[in-house]
Amino acid sequence: MNVNGKPYRSIWLADDGWSVEIIDQTRLPHEFVTVRLTGLEDAADAIRNMQVRGAPLIGATAAYGVCLALHRNASNEALEEAGRTLLATRPTAINLHWAIQEMRSWLEPLSETERVRAAYQKAGEICDEDVQNNRAIGDHGVVLLEDIYQQRRTEDPLNILTHCNAGWLATVDWGTALAPIYLAHDRGMPLHVWVDETRPRNQGASLTAWELLQHGVPHTVIVDSTGGHLMQRGLVDCCITGCDRTTASGDVCNKIGTYLKALAARDNGVPFLVALPGPTIDWSITDGLRDIPIEQRDGREVSHIEGLSQDGTPQTLQLTPEGSPVANYAFDITPACLVTALITERGVCEASKEGLHGLYHDAGSS
Ligand code: MRU
């Protein structure tokens with residue numbers, strides 16, 4: 001995607017051929033800053049501190065984290081230690097486990113001299129595959145959007161609600177939930193996106209809004225509690241969100257607040273679509289509520305808020321009274337029964353065991 005007219009991915013190999021560059025997402029939307037990662041700890045910190053975030057990009061960064069570790073030391077112990085360190089960064093997005101497993105099973109049989117080159121090759125492939133997957137999600141999803149647009153029998157813009165950021169910044173490129181939106185917009189469909197701000201980290205207000213603005217997609221940022229009201233008044237034609245982990249039976253784990261949007265969508269007959277690539281499916285579990293670990297983050301993300309002061313300097317402000325306890329659950333589970341359809345790189349399916357297996361006959365190897 002373009003930033004000020006220049007094409008970018010969210011992660012790339014630096015000109016030196018071994019270090020890795022990322023966009024520091026904690027500085028957006030007010031500053032566009034890139035950061036160079038030169039070691040395993042840099043990659044782990046970038047994931048932990050959410051300079052990179054979003055399930056597919058976390059996986060891609062972990063893959064490059066393994067490369068950076070091996071660039072210093074290509075022993076078996078270093079490979080194991082890299083996996084352990086990266087796995088401990090964030091618990092919920094399954095793409096992290098998937099990418100580390102891909103790297104380990106590719107690299108373990110190789111000798112130390114072969115490993116470094118092979119690691120960079122594999123990490124590059126993981127990134128390229130993510131871009132292809134997301135582009136394919138876009139191609140499948142745009143067909144759904146065109147159907148919904150035509151069924152309404154009006155030329156007014158299609159109103160789509162999204163939560164959190166599942167755009168190109170959450171992936172290597174294109175995004176998951178935003179890929180169909182970008183393609184529909186590029187093809188000339190009149191559309192408008194309601195962007196949930198997505199407290200506490202405000203990925204919607206800061207990242208999704210910034211992406212859509214860069215791409216010229218009409219949008220409006222709303223506070224998280226607005227969606228139900230808009231749906232009751234017929235101002236939302238469909239919801240599309242991304243996903244951090246999907247069970248083999250189609251339960252969806254995504255940013256906190258997603259479940260409430262799905263409930264409101266069901267009550268108002270609004271299609272609730274979830275976009276995800278194959279590596280986001282955890283084939284080993286079937287019950288999202290029971291089996292998916294929900295990250296709890298620092299309470300300071302709830303008690304404080306970051307933004308620009310009137311003179312343009314970054315500021316952190318405290319919202320809550322000193323001494324009030326806070327809780328910061330980062331994700332929730334939307335049961336499969338509330339999801340109208342899953343949009344994957346292999347096509348669109350029902351959120352169910354049968355639906356997913358219909359697309360992924362080779363389940364477990366994707
Ligand atoms: O905590 P984050 O910002 O890493 O979470 C990302 C999300 O939950 C997004 O909603 C996204 O859909 C999942 S990845 C495309």
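An oxygen atom of the ligand lies 3.0 Å from an N or O atom in the side chain of Asn 254, a polar contact in the sense used here (a pair of N or O atoms within 3.5 Å; within protein, one must be able to donate a hydrogen and the other to accept it, and residues adjacent in sequence count only if both atoms are side-chain atoms). The protein covers 100% of the 410 Å² of accessible area that the ligand has on its own; accessible areas come from the Shrake-Rupley method with a 1.4 Å probe, and for residues only the protein chains shown count as cover. The model is predicted, so local features need pLDDT of at least 70 and side-chain atom pairs count only at pLDDT 80 or more, while totals for chains, interfaces and linings use all residues. Residues are numbered from 1 along each chain as its sequence is written, and side-chain values use heavy atoms, with hydrogens and water left out.

An oxygen atom of the ligand is also found 2.6 Å from an N or O atom in the side chain of Lys 255.

A search of the whole structure finds 20 salt bridges, each defined as a side-chain nitrogen of Lys or Arg within 4 Å of a carboxyl oxygen of Asp or Glu. Arg 90 and Glu 295 form one of them, with an N to O distance of 2.8 Å. Arg 90 lies in the loop between α3 and α4 and Glu 295 in the loop between α10 (288-291) and α11 (300-303), so this pair ties together parts 205 residues apart in sequence. Helices (H or I, at least four residues) and strands (E, at least two) are DSSP runs, numbered from the N terminus. Arg 90 is buried at 5% relative accessibility, and Glu 295 is buried at 6%; buried means under 20% relative accessible area, exposed over 50%, and partly exposed in between (1.4 Å probe, protein chains only).

A salt bridge also joins Glu 102 and Lys 122, whose closest N and O atoms are 3.5 Å apart. Glu 102 belongs to helix α4 and Lys 122 to helix α5, 20 residues apart. Glu 102 is partly exposed, at 25% relative accessible area, whereas Lys 122 counts as buried at 13%. In the salt bridge between Asp 362 and Arg 346, the closest N and O atoms are 2.9 Å apart. Asp 362 lies in the segment after α12 (353-359) and Arg 346 in the loop between β17 (341-344) and β18 (347-349), so the pair ties together parts that are 16 residues apart in sequence. Both residues are partly exposed, Asp 362 with a relative accessible area of 35% and Arg 346 with 34%. Salt bridges that share partners join Arg 90, Arg 201, Glu 295, Arg 297 and Glu 301 into one network.

Helix α3 (residues 76-87) has 12 residues and should span 16 Å at 1.5 Å a residue; its end C-alpha atoms are 17 Å apart, which agrees. The expected span is 1.5 Å times one less than the number of residues. Ala 78, Leu 79, Ala 82, Gly 83, Thr 85 and Leu 86 are the buried residues of α3. They pack against α1 (40-48), α2 (55-72), α4 (94-107) and α5 (112-151), a contact being heavy atoms within 4.5 Å.

Val 131 lies in helix α5 and is buried, with a relative accessible area of 12%. Not counting residues up to four places away in sequence, Val 131 touches Arg 9, Val 172, Asp 173 and Trp 174. Val 131 and Trp 174 are 43 residues apart in sequence and 6.7 Å apart in space, C-alpha to C-alpha.

Cis peptide bonds join Leu 28 to Pro 29, with omega about 10 degrees, and Arg 199 to Pro 200, with omega about 5 degrees. Pro 29 is in the loop between β4 (20-23) and β5 (34-37), and Pro 200 in the loop between β7 (191-196) and α7 (203-215). Met 50, not a glycine, has a positive phi of about 65 degrees; Met 50 sits in the loop between α1 and α2 and is buried at 3% relative accessible area.
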